[in-house]
Amino acid sequence: MHAVRAFFMPVAPVTAAIAFAAAMFALFLALQGYPALAALGLVVEGAYGSVFAWQNTLSRAAPLMLTALCVALPARAGLVIIGGEGAFAVGALAAAVVPPALSGLPAPAVQLAMALAACAVGGGWIALSAWLRHARGINETISSLLLAYIAIAVFNFLVEGALRDPASLNKPSTLPLADSLMLGALPGLDVHWGLAWGVLCCVLAWCLTRRTVFGFAVGVVGGNPRAAAMAGLPVGRLILAACLLGGGAAGLAGMLEVAAVHGSANAAVLAGYGYAGILVSFAARHNPLGIVACALLVGGIGASGSLLQRRIDLPDAATLVLQGALFVALLAFETLNRKGGRRV
Amino acid sequence: MSEAGDGLALGSLLLALLGGALRVSTPFLFVSLGECITEKSGRINLGLEGILVLGAMCGYGASLLSGSPWLGVLAAGLSGLLMGLLHGLLCSLRKVNDIAVGIALMLFGTGLAFFLGKPLIQPQAPMLPALELGAWSDNAQVQSALRINVLLPLGLALALALRWGFSNSRWGLALRLVGDNAAAARALGYAVVPMRVGATAIGGFLAGIGGAFLSLHYPGSWNEGLSSGQGLMAVALVIFARWDPLRCALAALLFGAAGALGPALQSQGVTAGYYLFNAAPYVLTLALMAASWAPGRSLAGAPGELSLTQR
């Protein structure tokens with residue numbers, strides 16, 4: 001009985017919030033004369049209704065798991081980072097820069113170098129916010145989002161300038177990856193390898209935060225940084241490490257989008273996974289295993305967009321409205337949660 | 001190029017920056033004044049970015065439907081008021097964090113604006129009128145630099161009024177007490193939560209008006225890339241201005257000038273780093289925050305109850 005309650009206590013407010021957000025979304029559509037119930041049905045059908053829908057959902061969930069870690073790991077250390085889109089952008093850039101520089105090497109080595117470079121620059125980008133917070137006392141929420149805008153500006157500057165493939169006329173892109181460098185589909189599925197990487201990173205992040213001394217120390221810093229400093233913990237280094245790992249995950253997501261979906265870095269790569277990852281992480285209460293489930297939920301909403309557009313002519317921003325309503329409802333329903341007093 | 005030519009180019013560059021400061025600063029001004037009121041009450045609203053975008057869409061739509069840009073401004077303000085009210089009420093719930101709700105409303109407001117604004121991308125709505133302060137000059141550049149919008153003087157007057165009101169009016173003093181020490185305010189009989197909700201709603205109203213400027217004056221159309229972080233920069237700007245409305249106005253002008261750097265250089269023929277120059281306001285914001293927000297230094301003027309400056 002106790003175990004059942006322990007499981008349902010945190011899940012109940014989330015379920016209530018999902019129901020409430022769906023109701024609000026339906027009301028919003030009904031007020032404008034759209035068939036509201038049909039729309040809700042189409043969201044479910046477009047997300048989970050067929051093999052194709054599942055493949056679409058899983059492909060979208062993969063980068064979301066990684067960008068959500070960019071929120072969840074720093075949150076464990078008490079930081080509210082919302083600039084994952086920036087780490088995603090520089091990660092995608094790094095993945096596009098590496099292959100021409102390593103043209104002679106075998107494909108797996110180049111892929112590994114791409115992934116490592118993306119993790120390094122993505123991690124560094126978010127760690128910059130952590131450093132600004134620790135050394136200068138600058139609020140990391142604002143600095144990380146400003147850095148995201150700067151990263152996107154740098155991305156556009158390089159893709160349209162120094163790194164542009166002269167052959168990409170109407171759609172400025174970097175040099176296309178060789179076919180041998182592309183990450184293929186998982187065996188037996190039509191979903192790329194990014195899904196495996198996303199799940200693996202979430203499991204690793206869960207083990208790291210819940211089962212290691214390092215994770216415990218980060219949690220102490222997140223609970224009370226002053227007490228952690230008094231206990232002799234290196235607060236600055238722990239914050240920095242949490243942000244390095246989180247940013248590295250988002251950078252890897254950028255690399256996967258380039259190497260598994262788009263084949264080069266261009267404007268289409270920046271499709272808002274960094275921002276949707278914020279919602280995923282908050283919905284999962286920053287629990288890495290919960291992120292896997294919530295990424296399927298939010299990825300599913302995104303995947304249903306084209307079906308909503310085709311069947312009942314909803315604008316493509318409909319999925320954004322539903323995501324936004326879900327986010328607001330999740331935070332509001334947190335007030336029903338009797339346990340878990342963390343105010344993040 | 002000759003030296004005389006360089007001098008001329010520099011002169012017109014400076015003129016373009018001045019023009020930019022007068023032209024682009026208005027949304028920063030309104031959002032930062034609104035956020036200033038909200039933060040004085042002890043709450044922070046990061047959702048202003050979403051409110052700005054939603055206000056731009058509502059203002060444009062209302063101007064298009066009614067034919068009056070001023071009704072558009074009012075509609076934008078009201079949409080902001082509702083969003084501010086939502087933020088204020090949600091944050092009054094137990095265990096709900098104002099920064100997190102702000103992030104959520106940022107995404108929600110943007111989504112709502114994109115959804116409802118789809119039919120508004122093509123048609124042309126009536127614009128707000130401009131004031132020709134440069135009519136005395138024969139120089140076309142001076143004339144265009146001094147062509148300001150009617151909302152700018154309104155915003156500047158509002159900054160002066162707020163500056164006076166925060167330190168001299170009964171209402172302003174009560175608001176500051178609520179933001180500095182909720183327990184003391186409660187002991188004196190002030191209703192802390194309603195005052196905070198009201199301050200957030202008024203802040204949202206002003207941010208909505210800032211959005212109406214974007215769609216009804218400059219750049220003067222509705223599209224989805226209308227605001228890229230201006231609402232958020234205004235939040236940082238309030239901190240830099242140390243919660244002083246007059247300094248908010250000065251900082252807003254500075255941000256306007258920084259935002260005009262890219263287009264100004266482009267009109268001079270410098271096109272190489274267009275995207276990088278567009279990042280100038282973000283870099284400026286970070287640099288200003290780093291300069292004004294050192295650890296160990298007390299943040300003079302910071303409301304005591306503000307979660308943003310604690311820890």
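## Close-up views of a two-chain model

**View 1. B:Glu305 counts as partly exposed, at 29% relative accessibility.** That label covers the range between buried, under 20% relative accessible area, and exposed, over 50% (1.4 Å probe, protein chains only). This is a predicted model, in which local features need pLDDT of at least 70 and side-chain atom pairs count only at pLDDT 80 or more, while totals for chains, interfaces and linings use all residues. Residues are numbered from 1 along each chain as its sequence is written, chains are lettered from A and ligands numbered from 1 in the order in which they are written, and side-chain values use heavy atoms, leaving out hydrogens and water. The side chain of B:Glu305 meets that of B:Arg196 in a salt bridge (3.3 Å, N to O), meaning a side-chain nitrogen of Lys or Arg within 4 Å of a carboxyl oxygen of Asp or Glu. The pair links distant parts of the chain, 109 residues apart: B:Arg196 is in helix 9 (residues 192-216) of chain B, and B:Glu305 is in the segment after helix 13 (280-292) of chain B. Helices (H or I, at least four residues) and strands (E, at least two) are DSSP runs, numbered from the N terminus. B:Arg196 is buried, with a relative accessible area of 11%.

**View 2. B:Arg147 and B:Glu132 form a salt bridge between their side chains (3.0 Å, N to O).** B:Arg147 belongs to strand 2 (residues 147-149) of chain B and B:Glu132 to strand 1 (residues 130-132) of chain B, so the pair ties together parts 15 residues apart in sequence. Both ends are partly exposed: B:Arg147 has a relative accessible area of 37%, and B:Glu132 is at 44% relative accessibility.

**View 3. In chain A, the side chains of A:Glu140 and A:Arg133 meet in a salt bridge (2.5 Å, N to O).** Here A:Glu140 and A:Arg133 are both buried.

**View 4. Chain A and chain B bury about 4,200 Å² between them, with carbon and sulfur atoms giving 76%.** Buried area is the accessible area (1.4 Å probe) that two parts lose on being put together, summed over both. Chain A brings 54 residues to the contact and chain B brings 46, where contact means heavy atoms within 4.5 Å. One salt bridge is counted between the two chains: A:Asp316 meets B:Lys118 through their side chains (3.1 Å, N to O). Among the elements of chain A that each supply at least two residues to the side touching chain B are helix 5 (107-136) and helix 6 (140-160). Helix 6 of chain A gives the most to that side, with 14 residues.
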